[in-house]
Amino acid sequence: MTNASEEIGERIVELLPRLRRFARSLSRNQHDADDLVQAVVERAWTHLAQLKPGANLASWMFGIMKNAWIDNRRSFKRRGEVALPEDSGEHPAVSPVDAHATLWSVSEAMDKLPEDQRLAIALVLVEGFSYKEAAEVLEIPIGTLTSRLARGRTALAAALGKGDGEVA
Amino acid sequence: MNYDDETLMAYADGELDEARRAAIAAAIASDPALARRVEQHRALRGDVAEAFSKVMDESVPQRLVNAARGGSTLASAAGGKVLRFPTRSGRAPGPPWRAREWVAMAASLLLGVFISWRAFTPSDPGVMVAGKDALVAHGILARALDHQLASAQRGEEPVLIGLTFKAHDGNYCRSFILRATRTAGLACRMGDEWQIPATDTASPSPGDVQQASSVAPAILRLIEARMEGQALDADEEQSAKLAGWKQQRP
């Protein structure tokens, strides 16, 4: 049993980069996003008994993050709207300036989306969930998911200057 | 052949079945405008994914690694059997879930049930009364259905509103959760009252707690059967409330 929970601990460790990425697509500030990840990990341990055998740990934890974010997004945004790592010294500069600029503009555009569209975009476009998986994580009908995804995409494309209008 | 944007999006995302995928692939081959729209979807997806991919390269803060492993320490201390924190058992049922999607609430309530099932007094009989044809919302439930916006909820309200949508008959329906009794339900506007076609009470048994997505499939199916188009977004919900939940005549 102890080995089993240690194994789950390691599986959660493996999920941390994806959980951090999902959190960053919801909360632009790196520290706020990491606070969100920490809250999710703690909730997961508290409620681990709810995870059905054979259920997908990643989907389950993304669902917890969705709930934690909707519950408490004000507290996870208390540091404001800073998009970039404040202390890039702590994190090796893996991204050139233009990549940071892309992150900044995309995340700024995502920040303007309604919450339900942002969640759909984050799960499908950022995390690569299928529509079915994303609908399950968000606990909504798949038609609602695709509608939110389509509207979110239209808004993002417009904000990033890549809407139909520019091309047509 | 003209395809709507959602279909092209699903095509770009690889979400269509083989027959429709092949049909659109053929259409694209002879229609540059169609091809461009698909390409826009792909390009946007690529940009968004790329923007956040950098996070995967960052080193993970040690505090998160510790938290991820923290549970195993607790489990060891408890003989490897109990995986929740014993000191939290006296708390309210789990975290303070907020119902944007009503199913999430049903799930979260159920999640907490096995911890604090006996701490609650059951039943608040004043919230639904027998109407002419069906159960009708009354008291705090009726007031919440009339006035409460899902987009403005804090999660602590006695009634939590989930999805609001227009049914095939043009009337508005809203899903809800009664926190005190852990009742999930659907209410649909009929004239000046909210009729309740269905409720589903979470029936907890400690050894058989279901995972979130399987909590109230009956209600979810009812929503899918009745919903015309899509669930209302925050602005539409506000407008419908201001219009007194009356059917919109063209």
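## Confidence and architecture

In chain A, confidence is highest in helix H5 (residues 115-126), at 96, and lowest in helix H8 (residues 164-167), at a mean of 42. Here pLDDT is the predictor's confidence in each residue, from 0 to 100, while helices (H or I, at least four residues) and strands (E, at least two) are DSSP runs, numbered from the N terminus. Over residues 80-97 of chain A the pLDDT is below 50, and this stretch has 20 contacts in the model beyond near neighbours in sequence. Two residues are in contact if their C-beta atoms, placed from the backbone, lie within 7 Å.

This is a predicted model, in which local features need pLDDT of at least 70 and side-chain atom pairs count only at pLDDT 80 or more, whereas totals for chains, interfaces and linings use all residues. Residues are numbered from 1 along each chain as its sequence is written, and chains are lettered from A and ligands numbered from 1 in the order in which they are written. The predictor gives the complex an ipTM of 0.81 and a pTM of 0.55.

The confidence of the two chains is set out below.

| Chain | Mean pLDDT | Residues with pLDDT of 70 or more |
|---|---|---|
| Chain A | mean pLDDT 81 | 77% of residues |
| Chain B | mean pLDDT 74 | 69% of residues |

In chain B, the pLDDT is below 50 over residues 72-101, a stretch with 68 contacts in the model beyond near neighbours in sequence. The pLDDT is also below 50 over residues 112-124 of chain B, where the model has 21 contacts beyond near neighbours in sequence. Where pLDDT is low, the predicted coordinates should not be read in detail.

Chain B contains eight helices and six strands. From the N terminus on, its elements follow the order α-α-α-α-α-β-β-α-β-β-β-β-α-α. Of its 250 residues, 37% count as buried; a residue is buried if 20 or more other C-beta atoms lie within 10 Å of its own, exposed if 12 or fewer, and partly exposed in between, with C-beta atoms placed from the backbone.

## Helix H1 of chain B

Helix H1 (residues 5-12) of chain B has the buried residues B:Leu8, B:Met9, B:Ala10, B:Tyr11 and B:Ala12. These buried residues pack against helix H7 (142-159) of chain A, together with helix H2 (18-29) and helix H3 (32-53) of chain B. After H1(B) comes B:Gly14, with a positive phi near 70°.

## Strand E4 of chain B

Strand E4 (residues 172-178) of chain B is largely enclosed by the rest of the structure, because seven of its seven residues are buried. B:Tyr172, B:Arg174, B:Phe176 and B:Leu178 point one way from E4(B), and B:Cys173, B:Ser175 and B:Ile177 the other way.

Two strands pair if DSSP finds at least two bridges between them. Strand E3 (residues 159-166) of chain B runs antiparallel to E4(B) and is joined to E4(B) by six bridges; B:Val159 has B:Leu178 as its bridge partner. The hairpin of E3(B) and E4(B) has five residues between the strands, and B:Gly170 in the turn has a positive phi of about 90°.

E4(B) also pairs in the antiparallel sense with strand E5 (residues 183-190) of chain B, over six bridges, and B:Phe176 stands opposite B:Gly185. In the hairpin of E4(B) and E5(B), four residues lie between the strands, and B:Arg182 in the turn has a positive phi of about 55°.
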